[in-house]
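Have a look at the sequence and the structure first, then read on.

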Amino acid sequence: MSHQEKDPMATNENEAPHGTAMGASSDPVGQAEELAPAEVANENPSQGAAAGVTAPVSSPVADPADHDDAAGYYTTGDPLADTSAPAGPIERRWTERVFNAKLVNPANRRRLSVIVVGTGLAGSSAAATLGEAGYHVDAFFYQDSPRRAHSIAAQGGINAAKNYKEDGDSVYRLFYDTVKGGDYRARESNVYRLAEVSANIIDQCVAQGVPFAREYGGLLDNRSFGGVQVSRTFYARGQTGQQLLIGAYQALERQVAAGTVKTHARHEMLELVVVDGKARGIVTRDMVTGEIETHLADAVVLASGGYGNVFFLSTNAMGCNVTAAWRAHRKGAHFANPCYTQIHPTCIPVSGEHQSKLTLMSESLRNDGRIWVPKNAEDCDKDPREIPEEDRDYYLERIYPSFGNLVPRDIASRQAKNMCDEGRGVGPMVGDQRRGVYLDFAEAIERMGRSAVEAKYGNLFDMYARITGEDPYATPMRIYPAVHYTMGGLWVDYDLQSSIPGLFVAGEANFSDHGANRLGASALMQGLADGYFVLPNTIRDYLADGPFPKVSEDDPEVRAARANVQERIDHFLSVNGSRSVDSFHRELGHIMWEYCGMERSAEGLRTAIEKIRALREEFWRDVRVLGTNDSLNQALERAGRVADFFELGELMCIDALHRRESCGGHFRAESQTPEGEALRDDENFAYVAAWEWGGESGAPILHKEELEYEFIEMKQRSYK
């Protein structure tokens, strides 16, 4: 999946006057002046860009106390603390918070309104639960149906600490596994709450009719996922996300019928409305008619998913984007740990430059499939069935005997890359090497019988066969890592409230629960936990201060937000350049994968920042968007999304450059053990990096939230 990066640009644009800036585009109208890396003009891609306004240039301001690789690329702000989390015994904190949160009486709920952006598992469950409670909810999504949300693509399962297998699982063990799997970069309070409410999720979904797999006796079945030694993953064959989303969709539609929820299909959020320092609405574009609309409310919930498509090639749906979260970031919401990107080890390998996305094969396959490569490079082009057992290297079982093929995703991904880098990858040559390893079910078929394997994984095997034209029952699958989930996201406190009062963030759009690496089957768990059980109990503490003063569409801040959206659209349609949006996105993805993918280095990240700035300047000056705004225009939609990906990509690289340690999904070449394992630096980096937008002419501002571990000992991870 790696790409050899070509560098057609040589300029390094868009530096901030207070340091190296992220997130600002260069002048798309006039000719930008070529400047040195620490002294480059900075533009507003949405307002100043269209007007051709150039910011003054001055010297960079670095944090002298850090002495880090990113000195000059950011400034340091005040420390950050989560003041909403209770203290005391961890098992009592959530109960205490629920009890102490202010209540809203039923009569007042009818007078309060909430906007929910996104209708995946987190958004649908939140909208349904808030509607059931009696609030007026408006739900926005860019698909034609909530059932098209990307949550539907999840395959393998959802975690819950029910201990049905009686193999030693518990709430505390799920809590421990999640903190350890996240390489000790997540908050204890948030993770324990997630583990605590996990069992309720399964009961809720069963009551909705979700058809979880069951054992012969009728009890719900479980299987294992990476990073754990117990079976706690509930599943519906390889369609768990689809079945869970249908359950949440039913709950949502029930409230639509009851009149408490109104859905807005084919509407994309393009701006957050902030009035008097509080989130009070959004600006959307009707993707069918092109109409720009303003929607106001008492609070806003973002459940808009992750930002993995910054890499262009990923397992995400093509429509997944960062725009909703990024527009909130530009309005003051801190963006936390953007460099934490999960590379999933079990994906169908890339086959060429023609692809626009990659396909995930569920991690559940690692329960019974064995991962291997030939011991000898000269065997890599042989039929795998002709390679004798003694010439096969089951490298995960060899290196990590305790966990074997069920090591966490970050470890499995890096080891697959290492095997291919050694010249022992399999499959066709892509670029300069073979990019694949085998996932072999021959032993499982012999042990369990083909019918049993079909019962557990049949639809996954069918999908693989349709995509590759190969029969996985007869020949080992080929897999290779691909960008999947993003652990970073908007910073939130224990209540899931961002740094903007009234803006709450749920699911993958926030950063809160997974640290530097997400364990398999925990995404669905977090989405439904946030939507059904956490957010409804915390947002009421904020809404209890309502009813809030009504905001008029003529309010200056509302009008400015709407004008900002219109200016961006007008600019994209007027540039009339020579390159398509997708060509820029693909090139950005190449840069991100090459320099900010499975392995990062200081030199590579600086190169990436320089390339991103140059490419972004060209994008604003030379992008070609055909069509008009008054109808369906997918090129226009993608232009806005890619513009935000440019800004996000630079922040990701700055965050990765600053964090000179290896942890979870962030692997710095300068920080590894002699065995090539990730080497954390707890003395200097045991904190959440929450980045504040530095303004149109400023560098990003780093706020550090120190992580304190009272109940789990911080130590280097070992799965051996």
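Glu-268 stands opposite Arg-285 in strand 8. You're looking at a predicted model, where local features need pLDDT of at least 70 and side-chain atom pairs count only at pLDDT 80 or more, while totals for chains, interfaces and linings use all residues. Residues are numbered from 1 along each chain as its sequence is written, and side-chain values use heavy atoms, with hydrogens and water left out.

- A quick word on naming: helices (H or I, at least four residues) and strands (E, at least two) are DSSP runs, numbered from the N terminus.
- Strand 7 and strand 8 are antiparallel partners, paired over eight bridges; two strands count as paired if DSSP finds at least two bridges between them.
- In general, the strands of a sheet pair through backbone hydrogen bonds, either parallel or antiparallel.
- Two residues separate strand 7 from strand 8 in a hairpin, and Asp-276 in that turn has a positive phi of about 55°.
- Strand 8 (residues 278-286) also runs antiparallel to strand 9 (residues 292-296), joined to it by five bridges.
- In that pairing, Ile-282 stands opposite His-295 in strand 9.
- Strand 8 and strand 9 make a hairpin too, with five residues between them, and Gly-290 in the turn has a positive phi of about 80°.
- How many of strand 8's nine residues are buried? Eight of them are, so to speak, under cover, where buried means under 20% relative accessible area, exposed means over 50%, and partly exposed is in between (1.4 Å probe, protein chains only).

- Five strands form an open sheet with antiparallel pairing, in the order 12-18-17-13-14.
- Strand 12 (341-347) and strand 14 (392-393) are at the edges with a single partner strand each, so one side of each has no neighbour in the sheet.
- Strand 12 pairs with strand 18 (residues 477-486) in the antiparallel sense over four bridges, and His-344 stands opposite Ala-482 in strand 18.
- Helix 10 (residues 409-421) lies across strands 12, 13, 14, 17 and 18, at about 65° to strand 12; axes are lines fitted to C-alpha atoms, for helices over the stretch in contact, and angles run from 0 to 180 degrees between N-to-C directions.

**Buried and exposed spots**

- Eight of the eight residues of helix 8 are buried, so helix 8 is largely enclosed by the rest of the structure.
- Among those buried residues are Trp-326, Arg-327 and His-329.
- Gly-332 follows helix 8 and has a positive phi, near 125°.
- Gln-255 lies in helix 7 (residues 240-258) and counts as buried, at 4% relative accessibility.
- Leaving aside neighbours within four places in sequence, Gln-255 is in contact (heavy atoms within 4.5 Å) with Ala-128, Gly-131, Glu-132, Thr-260 and Val-261.
- Is Pro-556 buried or exposed? Pro-556, found in helix 14, counts as exposed at 62% relative accessibility.
- Pro-556 and Val-275 are 281 residues apart along the chain, yet their C-alpha atoms are separated by 8.9 Å.

**Cavities and a pocket**

- On a 1 Å grid over the protein atoms alone, a cavity is a set of points where a 1.4 Å probe fits but cannot get out, and a pocket is an open set with protein on both sides within 12 Å along at least five of seven lines; lining residues have an atom within 4 Å of a point.
- Grid points are joined across faces, edges and corners, and a volume is the space filled by probe spheres set on the points.
- The largest cavity has 15 lining residues, with Leu-270, Ile-569, Leu-636, Glu-637 and Gly-640 nearest its centre.
- Which helix gives the most to the lining of the largest cavity? Helix 17 does, with five residues.
- The second largest cavity has a volume of about 50 Å³, and helix 10 supplies the largest share of its lining, three residues.
- The second largest pocket has a volume of about 530 Å³, and helix 17 gives the most to its lining, with six residues.
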